[in-house]
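Take a look at the model below. This report walks through its charged pairs, its sulfur links and one of its helices.

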Amino acid sequence: ERQHAAATPAVRVFSLSCFLLTTHKQNTLRPKMMKFSLISLLSGMALARFAENQNSLDQPQQKLPAAKLNELWDGKEDIISSTYFAAGNPTALVGIPGLPVVDENTQMGMFDSGTNLMRVYWTLNFGAPDVLPFWKHAPPMKQELGGFQELLDEKLAQLKLQNRSVVATVRNPISHMVSWKKCGYSLVGCTNKQWSDIMNSTCQFKYVQGYPEEWPLASFEAPGLVNVWNEYTRGYLELAEKHDNLMVIRYEDLVSDPEKTIKAFAKFAGFKVPHKIVHVESPAKDHGNPAGREASLSKIEEHEYLYETHHPIVDFVPKICENIDWSIVKDIPKLVESVPDYDSDCPKSYL
């Protein structure tokens, strides 16, 4: 009764009926009262159930903490976990009732490329996406380079027969490397160094806990962190060229214009295009500081990632630009023209 005002009449009827039944057993009531008490009991139970359902809809849903929502918009991995949800009620995320928790792989993309953000938008607007039969971070380069492209070819072909579409997300290479520097995941052996060392180090993709047992261990090596981005992006573009059920989407497009991006994906996947897109809730601003989508959009438009972390990447941008494979960048589909080009951080002499 304290939890929801609507429960008050139900609780009173239910309590009265229980009292009547109890006193009847003590032979203090006439037989007619037994019939009334049973009717009251059934009515009370029905009202209680109605109040309970209303309570589940009207009560504020358990939300992802504001800091985690910021990370979601920032493209981070491993932030949506059942640990954020009440036991037995894994249905509330970002304040939207009925949103199921999907901890499995449903999109493709390198760490911090926005796969979780895309997954939440997919779920909010089209229902929970199907679980993919492969690890979403699986290296997409060819087997001779240490990747699983041939296996991914087979899986994507199977999904095509099932009329299922897949999204692969990519991200601005310099912004992406800044994000990896904060948390390197399987590249931590390469990213936990100074930028001067990172630029001259071989990056080895290391085994991570939870890697599918039926898959060979990923153990590719790349001559520098820039080439990790090159190889992943090239792999996704090669797969998309061969499979018309794989769509490559830029993380920046999803942040800059979620509605246009989601509608483009719906058309690609054959989903009914929603008249109104359900958006991911952003946390409130903290004392005037931008948060959620606003903060991430500012990073993209103002190139703020160049100055993030204790050791900013800005001084090493020319060297990075020299090593980016610009032949593949031009093939990345663009949905939102207002998003700064991936080469906008680089001196023109390196392009």
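A salt bridge is a side-chain nitrogen of Lys or Arg within 4 Å of a carboxyl oxygen of Asp or Glu. Side chains of opposite charge can pair when their charged atoms come close. This is a predicted model. A search of the whole structure finds 13 salt bridges.

**Charged pairs**

The table gives three of these pairs.

| Salt bridge | Closest N to O distance |
|---|---|
| Arg 250 and Asp 253 | 2.8 Å |
| Lys 330 and Asp 331 | 3.4 Å |

Arg 171 and Asp 74 are both buried.

Next, the bridge between Arg 250 and Asp 253. Is Asp 253 buried or exposed? Its relative accessibility is 0%, so Asp 253 counts as buried. Arg 250 has a relative accessible area of 3%, so this residue is buried too.

The bridge between Lys 330 and Asp 331 has another setting. Lys 330 is exposed, because its relative accessible area is 64%. Asp 331 has a value of 45%, so this residue is partly exposed.

Some bridges share partners. Which residues do they join into one network? The members are Asp 74, Arg 171, Lys 182, Lys 299 and Glu 308.

**A closer look at Lys 299**

Lys 299 belongs to helix 12 (residues 292-302). Its relative accessible area is 19%. Buried means under 20%, so Lys 299 counts as buried. The side chain of Lys 299 makes a polar contact with the side chain of Asp 74, at 3.2 Å. Leaving aside residues up to four places away in sequence, Lys 299 touches Asp 74, Lys 182, Glu 304, Tyr 305 and Glu 308.

**Sulfur links**

How many disulfides does the structure hold? There are two.

Cys 190 lies in helix 7 (residues 188-191), and Cys 203 lies in strand 3 (residues 203-204). The two are 13 residues apart. Cys 190 is buried, with a relative accessible area of 1%. Cys 203 is buried as well, at 0%.

Cys 321 and Cys 346 form a disulfide too, with their sulfur atoms 1.9 Å apart. This pair links helix 13 (residues 317-323), which holds Cys 321, to the segment after helix 14 (326-329), which holds Cys 346. The separation is 25 residues. The torsion about the S-S bond of Cys 321 and Cys 346 is about -80 degrees, so this disulfide is left-handed. Cys 321 is buried at 0%, and Cys 346 is buried at 6%.

Number the bonded cysteines in sequence order, and the pairing reads 1-2, 3-4.

**Helix 11**

Helix 11 (residues 258-269) has twelve residues. From its first C-alpha to its last, helix 11 reaches 16 Å, close to the 16 Å expected at 1.5 Å a residue. Which residues of helix 11 are buried? They are Pro 258, Thr 261, Ile 262, Phe 265, Ala 266 and Ala 269. Seen down the axis of helix 11, these buried residues fall within an arc of 135 degrees, so they line one face of the helix. Just after helix 11 comes Gly 270, which takes a positive phi of about 80 degrees.

Key
Residues numbered from 1 in each chain as written. Predicted model: local features only at pLDDT ≥ 70, side-chain atom pairs only at ≥ 80, totals over all residues. Heavy atoms only, no water. Helix = DSSP H or I, 4+ residues; strand = E, 2+ residues; numbered from the N terminus. Expected span 1.5 Å × (residues − 1). Buried < 20%, exposed > 50% of the residue type's maximum accessible area, 1.4 Å probe, protein only. Arc of directions from axis to C-beta. Polar contact = N/O pair within 3.5 Å; in protein donor to acceptor, adjacent residues only side chain to side chain. Contact = heavy atoms within 4.5 Å. Disulfide = S-S within 2.5 Å.
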